[in-house]
Every structure is written in C-alpha cells, then in structure tokens.
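Reader: Please walk me through this model. I would like to hear about helix packing and a pocket.

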Amino acid sequence: METKNMQDNFIKQDIPQMHFFSWQKNTDLILKSAIMLKECSILNLSNKKILITGISGSLGKGLLKRLKAKEIRGLSRSEIGQNGLKREYPEVKFILGDIRDYRTVRDAMRGVDIVIHAAAFKYLDVAELQARECVLTNIVGTLNVIDACK
C-alpha cells in the first residue's frame, strides 16, 4: 500500500495542476462522462482555446455540442468522422492526426489553454483483440498528451 501511495505522490508531483480520477471500470468512466455531459447544457469558455483529442468519437462529439469557446480544435485520426463534423461545426479547426505521435499532439496543443483528452480505445472486446493498438493509444498516447502539456 505504501508503494502505491509513493507512486501516486510521484506522479502528482511530476505533473502539477492535473486532476486524477479513478473509477473501478472503464464502463463506469464512460457512464459518468455521459451523465456529466447530459447534466451540462452548455459550458461557456468564451475566452479560452480548447483542444479535444478524439473529437470524432462519442465523447468528443458530445463535448462539441456543449462547449462554447474562443477557439476549439479537434484532433482525431478519423478522416471520415472529421468530414461529417466539419459540415456541422465549420468554426472548429479539425486536425487529422494520431495521439500516438508526440509531435502531432505537441503541434496541436500550441497556444491552447485547455486540453480535453477523449481519445481512447473504450471497448474492452476491441482492446482484447487488438491489445498492442490499445496500449499504444491508451497508454503511449495519454503519455504524449501529458508530456505535451508540460
């Protein structure tokens, strides 16, 4: 138990101003995110520049509907997903790229005030069948986002 606390403290010291949440299951996280989105009608951040990773996914799309900001950028690797959203949200700057590439993430983040990291393999059956891709996206990609925030 003491080792876990030491690891948590190290991580929290290494990454200041970040909030850490832990839920027991991925499905709990998705469910709680969906509930928070449903309860939040529109979040006005009119003086902020925001980057949403995974913007063409379900959580990214839900955030787009509810955020008003000075600038919204969206990063995802889905060209088809972005094309559909471009027609609906012409004011959003869509960036085609992968969070597994640090330079892409770093460049997308330049000048941004807030990053909402929503890119992930969320379905366990897909993650089990494509474990390497899941690790690259969920772990390496998340580390890229954290490193680019520093």
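Reader: In which handedness does H5 pass H7?

Author: This is a predicted model. H5 covers residues 102-109 and H7 covers residues 131-149. The crossing of H5 with H7 is right-handed.

Reader: Which class of packing, parallel, perpendicular or oblique, describes H5 and H7?

Author: The axes of H5 and H7 lie 9 Å apart. The angle of packing is about 45°. That angle makes H5, relative to H7, oblique.

Reader: Which residues of H7 does H5 meet?

Author: H5 contributes Tyr102, Val105, Arg106 and Met109. The residues of this contact divide into 6 nonpolar, 1 polar and 2 charged. On the H7 side are Asn144, Val145, Asp147, Ala148 and Cys149.

Reader: Turn to the second largest pocket. Which residues lie nearest its centre?

Author: The second largest pocket has a volume of about 420 Å³. Its lining holds 21 residues. Nearest the centre lie Gly57, Arg77, Ala119, Ala120 and Lys122.

Reader: How many residues of that lining are charged?

Author: The lining of the second largest pocket has 9 nonpolar residues and 9 polar ones. The charged residues number 3.

Note on methods
Residues are numbered from 1 along each chain as its sequence is written. This is a predicted model: local features need pLDDT of at least 70, side-chain atom pairs count only at pLDDT 80 or more; totals for chains, interfaces and linings use all residues. Side-chain values use heavy atoms; hydrogens and water are left out. On a 1 Å grid over the protein atoms alone, a cavity is a set of points where a 1.4 Å probe fits but cannot get out, and a pocket is an open set with protein on both sides within 12 Å along at least five of seven lines; lining residues have an atom within 4 Å of a point. Grid points are joined across faces, edges and corners, and a volume is the space filled by probe spheres set on the points. Ala, Val, Leu, Ile, Met, Phe, Trp, Tyr, Cys and Pro count as nonpolar, Asp, Glu, Lys and Arg as charged, and the others, Gly among them, as polar. Axes are lines fitted to C-alpha atoms, for helices over the stretch in contact, and angles run from 0 to 180 degrees between N-to-C directions. Helices (H or I, at least four residues) and strands (E, at least two) are DSSP runs, numbered from the N terminus. Angles under 35 degrees count as roughly parallel, over 145 as roughly antiparallel, 65 to 115 as roughly perpendicular and the rest as oblique. A crossing is left-handed if the near helix is turned anticlockwise from the far one by less than a right angle, and right-handed if clockwise. Contact means heavy atoms within 4.5 Å.
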